[in-house]
Amino acid sequence: MKIIKKREKSKLLIGLNYLDKRTKLNDVDKRYLISLEKGFEGEERFDALVKTHLNGEALVVNDLLIESKGNTFQIDAVIITYDTIYLYEIKNYNGDFQMNSGQLSYTNGQEITNPLIQLKRTKELLRQLLKDWGTPCRIEAHIVFINESFTLYNANLEDPIIFPTQIKEHFSGINAKCRSMTKQASHLANKLVDRHKTDSVFQKQLPSYRFDELRTGASCPCGSFDILLTQRSCYCKTCYKQVSIEELILESVKELKYLFPEEKLTTALVNEFCGQDVYYRKIRSVLQENFIAKGTTQGTFYE
Ligand SMILES: [Zn+2]
């Protein structure tokens, strides 16, 4: 098994994490952030199971956002073997659910979107794309309910669902069927990665914010402001990790560049963003070491 594309947090999730730390998100955005985080945790759990149980010759491509003929579709994970593409939609739901004539709901009756419908659409769009590329391939699509505290009543036997108790067995089945990879399969994996769009469209979905509304201050990469700064290092009282001042400054720069991509990066701006918690001279030297200085002496900025 070889991972061709690793999973990373989406830009939207990163942005919401930053804003959650520096502003008070409204209830809708906060709930959205929690659901994105939960989804991401579920996907990471799936990745760990792939690493543990999938050992046949296969290529793994995670987290694709593909646009084809005006349709955008997102795929949580793809496993490519010599003759089949396995497509996965991962759901980290927990609690008791029921399926009634194609409708998914909590057992108290509250309905939610049926992921089987989404899966069908994704499978069809992928099938068309592969056909357009002249590489038609057998596609097997599954919903994976990854959370061990998930129960579904009334599921149909023929629905392409993998429950937590079946995941290991599912991968064993793939291992048993694996043959030597073909060039075509690895070509296909690379083509899918090339086709992946970075999710800049998502930035539009962030709630609006202004620099002067944000909480300033140096913070640990875990998000906590409860830190102890010395001349060389930063100790976090929340996650108990220690990072160097340089790492702390670079983390703030990353955040600043993400939230304000249009702003010129200057020592003064970083200093303000860090709430003047860090030595000004240290900020300047870190910027000098890691970026290229532009502009005049009075108006130096970094790129
Ligand atoms: Zn921390």
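Predicted model: local features only at pLDDT ≥ 70, side-chain atom pairs only at ≥ 80, totals over all residues.

Student: How many bridges join E12 to E13?
Tutor: Three, and the strands run antiparallel. Cys234 has Val243 in E13 as its bridge partner. Strands count as paired if DSSP finds at least two bridges between them.

Student: And how do E11 and E12 pair?
Tutor: Antiparallel, over three bridges. They form a hairpin too, with three residues between them. Ile227 has Cys236 in E12 as its bridge partner.

Student: Which residues hold the zinc ion?
Tutor: Cys236 is one of the donors; the others are Cys220, Cys222 and Cys239, each through SG. They lie 2.2 to 2.4 Å from the ion. Donors are N, O and S atoms within 2.8 Å of the metal (3.2 Å for Na, K and Ca); water is not among the atoms, so sites may look incomplete.

Student: What geometry does the site have?
Tutor: Tetrahedral, with angles of 106 to 113° among the four donor atoms. That label needs all angles between 85 and 135 degrees. The sequence spacing is C-x1-C-x13-C-x2-C. Cys222 and Cys239 link distant parts of the chain, 17 residues apart. Cys222 is in the loop between helix H5 (183–195) and strand E11 (227–229). Cys239 is in the loop between strand E12 (233–236) and strand E13 (242–244).

Student: Is Cys222 buried, exposed or partly exposed, and which is Cys239?
Tutor: Cys222 is partly exposed at 44% relative accessibility, and so is Cys239 at 26%. Buried means under 20% relative accessible area, exposed over 50%, partly exposed in between (1.4 Å probe, protein chains only).

Student: Switching to E4. Why is E4 called largely enclosed?
Tutor: Because eight of the eight residues of E4 (84–91) are buried. Thr84, Tyr86, Tyr88 and Ile90 point one way; Ile85, Leu87, Glu89 and Lys91 point the other.

Student: What are its neighbours?
Tutor: E3 (71–80) joins E4 through four antiparallel bridges. Ile79 stands opposite Tyr86 there. E8 (138–145) runs parallel to E4, joined by eight bridges. Lys91 has Phe145 in E8 as its bridge partner.

Student: What does Phe145 stack on?
Tutor: On Phe150, 4.1 Å centre to centre with 10° between the planes. Rings of Phe, Tyr and Trp (its six-membered ring) pair if their centres lie within 6.5 Å; planes under 30 degrees apart are stacked, over 60 edge-to-face, the rest tilted. Phe145 is buried at 3%, and Phe150 is buried at 6%.

Conventions. Residues numbered from 1 in each chain as written. Heavy atoms only, no water. Tetrahedral: all angles 85-135°; square planar, octahedral: opposite > 155°, others 65-115°. Helix = DSSP H or I, 4+ residues; strand = E, 2+ residues; numbered from the N terminus.
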